[in-house]
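Subject: A structure to look through

Dear colleague,

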Amino acid sequence: MKSHNLREKGVQYLLTALAFSALFGLLLIALFILKEGLPFLTQVGLKDFIFAHDWEPQSGKFGIYPMIIASLWVTFGAMLIGAPLGIACAVFLTEFVPRPVMHTIKPMIELLAGIPSVIYGFIGVIVLAPLIRTHLGGPGLSLLAASIILGIMILPTIISISTDAINAVPNSYREGSRALGATRWQTVYMVVLKAARSGIISGVILGMGRAIGETMAVIMVAGNAVKVPGTALDSVRTLTANIALEMGYAVGLHRSALFATGVVLFIFIMLLNTLASAFVKQEIRRR
Amino acid sequence: MRRAFAVFAVVLFFVLIAACGNRRSSITVAGSTAFQPFAEKLADQFMTNRPTANIIVQGGGSAVGIQSTLSGTAQIGMADLVSLPEEAKVLQATEVARDGIAVVVHPSNRINDLTMDLLRRIFNGSIRNWRDLGGNDGVITVVSREAGSGTRISFEQIVGELVLTKEAIVQDSNGTIRETVANDPNAIGYLSHGLLNEKIKAVTIDGVACTNEAIQSNQYALARPIFLLTRGERLPDTQAFIDYILSAEGQQTIQSSGLIPVK
């Protein structure tokens, strides 16, 4: 009896330790980036770093304003493409298709998530960029190309969380709505989507997190020019791309500047996540 | 299952011990990614001739090559810069090869020759259409390497007074530069001449084509030396490795893999 209790306690402590190890990892990452990046920020000044337009590490100019704007636009573009497609696909799979069909199609869509990002990037470079260049103009490697590729990459996240949310809506809601004379589409639009809203929003937010953090595919298709984009056909460089492109060569102040870019990216993602979860909480409370 | 795992662990343990016990004098070579594959090949050949030596080749770029030689973490640094920076003056530099930087355009481009001045004006953004150079109507897509790349630093130094246009697309390797130029009829880029192929066209600079002979005789302007850097007294193995690279056999390897020998 006693040894049994001991074992229970042991397992409990072990699990606690394991659970905190993830948090500990996060803490270490945050500390490390801050340690490498903060000296630079205090030396150059946060304002000059974030609002300056010129990034010329060789001549000591470190301004990441164009990249912040680029990261925001690319993420926004990806949401513009990924969110409607993803939600529409989720509605189709849950409301308009027999169950067995859904159970064969959904795993296939989830396979999309398993494709490495280099492959997406490769397809972007070989297929998408030339299409954009010949039909729309510009260099092809552009904000638009990055948005489309990222929009496709975040589809599985949005679809799979949205279908789960829609599936969780009780059937009595649908029956009630139909009994009141609503058509199938009216039911979906006015009842089901409203009821599943917070789940769908968290799917979209998770997709957004993936879009802003994606690096490899973006480096390959965005062209990486450091300037504030004038149109969607301009080439852009995101914060993540900047770090990955130049880390291999950077020494001294340049290296610290890349870590400081990491600090800014980190703060950005935390802000977005906090905003998003606050939004979801509010949604839940309103119900 | 569990027993198999235990056996595996014990074997692994002894293998690791054995690996650590076999202490050979090891030399670390670090730096230029352009020369890294050559250094690896040369190190392999060198070690078959001289089994007591152990040479570890790492990349990191020319700047890392200089820094790690200064700090002593690498015994030999590789740098592919036209002129070495001030802090590298204390190091002993030996030129072991030369590399040409080819300026490349799409094969369909009608332009075959550019002067150094035109090159500067294309890359700084003051000439923006191929029409102005007598080519087809099309906005020039300037393709460059990322900041810090030895190829880019050399290119900008040789062309002189070059501030890259903000419109320039940035790619992070010779290979992706080649793909980008091969896929865009209006692109212009630069890359190590060893990577030229039929998908892209190299233009002549001031009438001189980017060939081995022209680079070796200094007629082709866009060429850079590749240096091996050492600090202080060289160890016997370090000296022997550098001697091997400069030997007829080493230089032959360099030439057959696409760089230009110095001898």
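The notes below begin with conventions and then turn to a strand, the cores and one arginine.

This is a predicted model, in which local features need pLDDT of at least 70 and side-chain atom pairs count only at pLDDT 80 or more, while totals for chains, interfaces and linings use all residues. Residues are numbered from 1 along each chain as its sequence is written, chains are lettered from A and ligands numbered from 1 in the order in which they are written, and side-chain values use heavy atoms, with hydrogens and water left out.

Strand 8 of chain B, residues 187–192, is largely enclosed by the rest of the structure, because six of its six residues are buried (under 20% relative accessible area, with a 1.4 Å probe and protein chains only; strands are DSSP runs of E, at least two residues, and helices runs of H or I, at least four, numbered from the N terminus). Strand 4 of chain B runs antiparallel to strand 8 and is joined to it by five bridges, with B:Val104 partnering B:Gly189, whereas strand 6 of chain B pairs with strand 8 in the parallel sense over two bridges (pairing requires at least two DSSP bridges).

B:Ile188, which stands opposite B:Val142, is among the residues with the most contacts inside the largest nonpolar core, a set of 68 residues (buried Ala, Val, Leu, Ile, Met, Phe, Trp, Tyr and Cys joined through side-chain atoms within 4.5 Å).

Finally, A:Arg237 lies in the loop between helix 11 and helix 12 of chain A and is buried, with a relative accessible area of 2%.

Best wishes

Notes. Buried means under 20% relative accessible area, exposed over 50%, partly exposed in between (1.4 Å probe, protein chains only).
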